[in-house]
Amino acid sequence: MKMVCFQSMMFILCIALSWVFSAAGPIQVSGYEGQAVNISCSYSQGYESYEKYLCRKECSNNDVLVTTTGTQRNRYIISDDTGRRVFTATISDLGLTDAGTYWCGVTRIGKDIYTEIRLEVGPADICCKNSTRLQSYEDSSVSFSCPYEQSDQDNLKYMCRGRQASTCLQQALITSDTNQKGRFSLTDDKVTRKFTVTITSLTVEDSGSYLCGVQRNSTLDVFTAADLEVKEWCCVKSSELSGIVGRPVTIQCPYPLQHRDNRKFLCKGDDRKTCRDMMSQSRFSLQDDVSSSSFSVMIAELKAEDAGMYWCGSDPQWRVGNYTKVQLSVDFSTTTEVNPAGSETTSVPDRLVKDVAKVLSLGVIVSIVVVLALVILTFSVIMIHKYKCCRAPGAEVSVKRNQRKAAGAQEVICEADMYENLGAAAASKQMTLNLDNDDSLYQNFSTEEIYCNQMYIKSKR
């Protein structure tokens, strides 16, 4: 019997101690007018399926603000992460009257488990009324400057994302206790009373709102707000340039006025992250023109392998607006130029092209001359043949004897007109018979001349 009483007393004592432990360490939460605040409470293993709730005052039925059974009620929303064993109640549109004591409760048989929450609400103009706007680009870095009061020199400094001042410290990206955390670093200059948070290797996802916070144990933490915009590299200025092998080419690179004292650079490569610095090569020379806020890089004696992508700028942080991307193409064709001595010089490719052009031109001319010669020759042969067939008889036997006869002779009638007169045809036949009897006459004429003479005699008849 005594054993049973002892066990019962120990059970009641454990419940009481559990409640006292939870109540002994209140959670401090702060928020600001018009904003929302998150109140997160953890619980022990084994209570994942139990009902959780947020309440005020005595936590009677009328004091319960929201439960995981209902999840939402007026300005209150609650959610339960059973994996982490944490439930979170959110109060939106805070007012100054929302400040006070709250309780996170876990419903169970007997006495519920409670965790005390103390909420402080500050005026809206304390946090985030003014915000600093910052702009940067992918893969570059950005720094937030956060001032504080002299009385806060030894206090904890931190930064978080968003505008939730009440949970900023809990969700801090970095604090002054660590100074370095991944891509985030924090430095505190107590002389100027400013701490600086730097983010490197920026991405577009880093865009958004940030809060710099200074912890104050007795009052609300103080904050400085900033809005960051991270732009893509698509907006980089780009240009195209072409050059000729063996000749110089100049790349022009503008830069902002505030970069006049920065180191200027030119590198080559398709990827800006791995491009190779070219200024160490003797063929590359840089000249800075401060008056025009630009510098130029001249590449002497251009080579075929010089073609490619170049990046020039004046900011080692690789900000897009401060450099230029240049696509250089190299051409092997050249035009004739005059060297200092006055003689014309032409590149080997140019001479080759000109020699080929000359050969082609000469071939065309020769072809035309040959065709014309063939036409003239053919025409001459035809004309000579027709002339032989249509001239007066005996002209070749004795030129002197027939000069007078040829002068008074009538126009020769060719073979096409010989048979228009039938009478002339009959007479020509008789003449032919007479000629056949005179063998001595044909000894001085060729067959062709005899035929032509016969045609001529027929026409005369």
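Predicted model: local features only at pLDDT ≥ 70, side-chain atom pairs only at ≥ 80, totals over all residues.

Visitor: OK, how many aromatic pairs does the structure hold?
Guide: There are 9 aromatic pairs, where rings of Phe, Tyr and Trp (its six-membered ring) pair if their centres lie within 6.5 Å, and planes under 30 degrees apart count as stacked, over 60 as edge-to-face and the rest as tilted. Tyr53 and Tyr114 form an edge-to-face pair, with 6.3 Å centre to centre and 80 degrees between the planes.

Visitor: And where do Tyr53 and Tyr114 lie?
Guide: Tyr53 lies in strand β3 (residues 52–56) and Tyr114 in strand β9 (residues 113–122), so the pair ties together parts that are 61 residues apart in sequence. Helices (H or I, at least four residues) and strands (E, at least two) are DSSP runs, numbered from the N terminus.

Visitor: Is Tyr53 buried or exposed?
Guide: Tyr53 counts as buried at 5% relative accessibility, and Tyr114 counts as buried at 10%; buried means under 20% relative accessible area, exposed over 50% and partly exposed in between (1.4 Å probe, protein chains only).

Visitor: Switching topic, what lies over the face of Tyr43?
Guide: That is Lys52, at 4.2 Å from the ring centre, and the charged end of Lys264 sits over the ring of Tyr255, 4.7 Å from its centre. A charge sits over a ring if NZ of Lys or CZ of Arg is within 6 Å of the ring centre and within 35 degrees of the ring normal.

Visitor: What about Pro123, which residues does it touch?
Guide: Not counting residues up to four places away in sequence, Pro123 touches Tyr32, Glu33 and Leu96, where contact means heavy atoms within 4.5 Å. Pro123 and Glu33 are 90 residues apart in sequence, and 5.4 Å apart in space, C-alpha to C-alpha.

Visitor: Last one: what is the phi of Thr71?
Guide: Thr71 has a positive phi of about 65 degrees although it is not a glycine. Most residues other than glycine have a negative phi. Thr71 lies in the loop between β4 (64–67) and β5 (72–73).

Notes: Residues numbered from 1 in each chain as written. Heavy atoms only, no water.
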